[in-house]
Amino acid sequence: MQEAGKKVNDNAKICTIVTSLLAAYTGLYSTYAGAKAPVEHFTRAASKEFGERGISVTAVAPGPMDTPFFYGQESADAVAYHKSASALGGLTNIQDIAPLVEFLVTDGWWITGQTIFANGGYTTR
């Protein structure tokens, strides 16, 4: 993010992808969520640092995603749990996230320093 802030023009947008596990109370994911946790903090800090240049900085936190990466890591029982844990049911799809990211880097520029939990109600914060 620091390097992006040096390279982008004024009034640009920076959007990162983190994980909804940042708000989950669960074991087994400490390394993954722990690696993403600094990005959430860096998002807030960067939004303050780059704000005077009109640069918005956001993070999007999808829930467990329906991707080959997810299935390669999980047992059948874990997959069933994650699918049932969302209030809207099922796993997050890329099609659920891409429009949100597009909005944040275009019309949603006024949203900055925030982590948006786009996960169908998998976690809340």
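User: I'd like to start with one residue. Leaving aside its neighbours within four places in sequence, which residues is F50 in contact with?

Analyst: First, the idea: contact means heavy atoms within 4.5 Å. Setting aside neighbours within four places in sequence, F50 is in contact with M1, Q2, G5, I14, I55 and V57. Before we go on, this is a predicted model, where local features need pLDDT of at least 70, side-chain atom pairs count only at pLDDT 80 or more, and totals for chains, interfaces and linings use all residues. Residues are numbered from 1 along each chain as its sequence is written, and side-chain values use heavy atoms, with hydrogens and water left out.

User: What is pLDDT, and what is its mean for the protein?

Analyst: pLDDT is the predictor's confidence in each residue, from 0 to 100. Where pLDDT is low, the predicted coordinates should not be read in detail. Here the protein has a mean pLDDT of 95, and 100% of its residues reach 70 or more.

User: Where is confidence lowest, and where is it highest?

Analyst: A quick word on the names: helices (H or I, at least four residues) and strands (E, at least two) are DSSP runs, numbered from the N terminus. Confidence is lowest in helix α3 (residues 68-73), with a mean of 90, and highest in strand β2 (residues 56-62), at 98.

User: Back to F50. Where does F50 sit, and is F50 buried or exposed?

Analyst: Buried means under 20% relative accessible area, exposed over 50%, and partly exposed in between (1.4 Å probe, protein chains only). F50 is in helix α2. With a relative accessible area of 9%, F50 is buried.

User: Which residues make up the largest nonpolar core?

Analyst: In soluble globular proteins, nonpolar side chains tend to be buried together. A nonpolar core is a set of buried Ala, Val, Leu, Ile, Met, Phe, Trp, Tyr and Cys residues joined through side-chain atoms within 4.5 Å. The largest one has six residues: A12, I14, A46, F50, I55 and V57. A second, separate core of five residues includes V60, I97, L100 and A118.

User: And what does A46 contact, apart from neighbours within four places in sequence?

Analyst: A46 is in contact with M1, G51 and V57.

User: K48 is in helix α2 too. Is K48 buried or exposed?

Analyst: K48 counts as exposed, because its relative accessibility is 72%. Between the C-alpha atoms of K48 and A87 there are 33 Å in space, and 39 residues in sequence.

User: How do I read a positive phi, and what is phi for N11?

Analyst: Look at which residue has it: N11 is a residue other than glycine, and its phi is near 65 degrees. N11 lies in the loop between α1 (2-7) and β1 (13-17), and at 52% relative accessibility it counts as exposed. L28 also has a positive phi, near 75 degrees, and is not glycine either. You'll find L28 in the loop between β1 and α2 (30-51), where it is exposed, with a relative accessible area of 85%.

User: What should I know about Y122?

Analyst: Y122 is in the segment after β3 (114-118), and it is buried, with a relative accessible area of 12%. Its C-alpha is 8.1 Å from that of H82, 40 residues away in sequence. Not counting residues up to four places away, Y122 touches several residues, including S20, L21, P64 and H82.

User: What is the volume of the largest pocket, and which residues are closest to its centre?

Analyst: A volume is the space filled by probe spheres set on the grid points, which are joined across faces, edges and corners. The largest pocket has a volume of about 380 Å³. It is lined by 18 residues, and L21, Y32, P64, F69 and F70 are the closest to its centre. Helix α3 gives the most to this lining, with three residues.

Note on methods
1 Å grid on protein atoms, 1.4 Å probe; cavity = no way out; pocket = protein on both sides within 12 Å on 5 of 7 lines; lining within 4 Å.
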